[in-house]
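Hi there,

Here is the structure I promised to pass on to you. Please open it next to this email, and then read on for what turned up in it.

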Amino acid sequence: MKRYLCSIIIGMVVILSIGTYYVKVASSASSLPKYTFKTLEGSDKELDPVIINATLQNGGAFYEPLTIESNTTTYASERSYLENLTGRQDHLIERLVKEHRSFMRGKDSISSLYEDDDFLAYAWVNSEYTKSGNMEAKFDIGLLEKKDEEETSFQIELPNQERIMNIDVRDVQLVHSKIQVLTMNDVSSNNEKQTKEVHLYTIDVANKKVLSDKTLVSETFTDPNQVDFEMPIDVAPSQPNSIVFISVNKGVNHEDGFKEKLKESKLLSYNYETEKLETVKKGPLSLDVARSGYADGKNLYAVEMKSGKYRIKTFDLSSQTLTSDTELDIAANKEEQYTAAFKNGRVYFLLNGMNQEGLFTYQPAKLLIADIKTGKTLYKGETVINKKNSKSFELYIEDLEIK
């Protein structure tokens, strides 16, 4: 009886402790400011798919992550213990986990996934360094046939791994029943030289082997020279994509940081279907446009500031031609940072209250939702706060997602 009584007492203490914790959390969160968007123009229904991830700070004494979703603020302290344990997840990852829980177990990188109507594919590189300083690496490969939920998963050695110092998966595609994995690699070189490469690995899922390891780009340099590879922001990272762009930027390291020599930079395009790597000629699809652009597999969208307004230029990726150039009804500010997202024929444009150096000057965040082709404003609004003393807080917006 004493044994059971002891267990009951311990259970009650645990329940009371958890209850006290959540009461304190709820009380703490209720004292924090709530941010919502005040509609200035258009329909507030346009806000339904908008997710803004941010943090609230008050000097160095306070830091609290928050999410504004469907125009409602939720702080991390208001979420369940399990939600905070898993951390913030991309909404696409959350959807895939709900739909294919078994296959998605342990998969949390959106850039390592591919999805179409019939298949869901995954490719990642697991690596570790041995005591001798060499890297041992393997591909984690997965393919799910959605119709019957038939899953194939296996590991396979990464080719030529003795050369590789670091590897980053940037894109995964399924082409002619083969998984294509685009990576950016830092590889070992002789003496003081450094080498960076872009690789394309072709993986035969049926026979569980790497068919080829193609080096698309390779650049070797010595300090203070530097080479960086960049790609446009992928707004549809798991969707089928026939063309990718890679910019090669050469520069020199100085005391005040990396300085580019644009005359030594170039823009490349790779077509998964034709297997052609080409240098993009100078024209409407310039190096700067591609580097600062947003790609969705079919189009590349670039933000340009002109005559006090922001403009959205749309380029067809296959033809590399300009298909639209629209003006947004929002005043441009060279000192203010913006975040953009593109989905369902709309551009979501957020001015987040920080200058280009990341320094915060308090002002409402402004959100504009417009038709990409016509520029017609569908929604315009700005953040309002429900507490008088909330100007002592600083809202740092981190990213913008669209469901």
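**A helix across a sheet**

Let's begin with helix α3, which covers residues 91-99 and lies across β5 and β6, running at about 65° to β5. Please keep in mind that this is a predicted model.

The strands under discussion belong to an open sheet of 4 strands, in the order β5-β6-β7-β8, and their pairing is antiparallel.

As background, strands of a sheet pair through backbone hydrogen bonds, either parallel or antiparallel.

Next, go to β17 (residues 266-271) and β18 (residues 276-279), which pair in the antiparallel sense over 4 bridges. Y270 stands opposite L277 in β18. The hairpin of β17 and β18 has 4 residues between the strands, and E275 takes a positive phi near 60° in this hairpin.

S265 is found in the loop between β16 (257-260) and β17. Is S265 buried or exposed? S265 has 15% relative accessibility, so it counts as buried. Leaving aside residues up to four places away in sequence, S265 touches V248, N249, K250 and L287.

**Salt bridges**

How many salt bridges does a search of the whole structure find? The search finds 16. In general, side chains of opposite charge can pair when their charged atoms come close. Here are some to look at.

- R163 and E197 meet through their side chains in a salt bridge, at 3.2 Å from N to O. R163 sits in the loop between β8 and β9 (164-175), while E197 is in strand β11 (residues 194-204), so this pair ties together parts that are 34 residues apart in sequence. R163 is partly exposed, with a relative accessible area of 31%, whereas E197 is buried, at 5%.
- E304 forms a salt bridge with K313, and their closest N and O atoms are 3.4 Å apart. With 28% relative accessibility, E304 counts as partly exposed.
- D329 and K380 also meet through their side chains in a salt bridge, at 3.1 Å from N to O. D329 belongs to strand β22 (residues 321-331) and K380 to strand β26 (residues 377-385), so the pair ties together parts that are 51 residues apart in sequence. D329 is partly exposed, with a relative accessible area of 33%.

Which residues are linked with D329 and K380 in a network of salt bridges? The network also includes E41 and K309.

The protein chain has a mean pLDDT of 83, and 82% of its residues reach 70 or more. Over residues 16-27, though, pLDDT stays under 50, and the model has 5 contacts beyond four places in sequence for this stretch. Where pLDDT is low, the predicted coordinates should not be read in detail.

Enjoy exploring, and write back with any questions!

Best wishes

Notes. Residues are numbered from 1 along each chain as its sequence is written. This is a predicted model: local features need pLDDT of at least 70, side-chain atom pairs count only at pLDDT 80 or more; totals for chains, interfaces and linings use all residues. Side-chain values use heavy atoms; hydrogens and water are left out. pLDDT is the predictor's confidence in each residue, from 0 to 100. Contact means heavy atoms within 4.5 Å. Two strands pair if DSSP finds at least two bridges between them. Helices (H or I, at least four residues) and strands (E, at least two) are DSSP runs, numbered from the N terminus. Axes are lines fitted to C-alpha atoms, for helices over the stretch in contact, and angles run from 0 to 180 degrees between N-to-C directions. A salt bridge is a side-chain nitrogen of Lys or Arg within 4 Å of a carboxyl oxygen of Asp or Glu. Buried means under 20% relative accessible area, exposed over 50%, partly exposed in between (1.4 Å probe, protein chains only).
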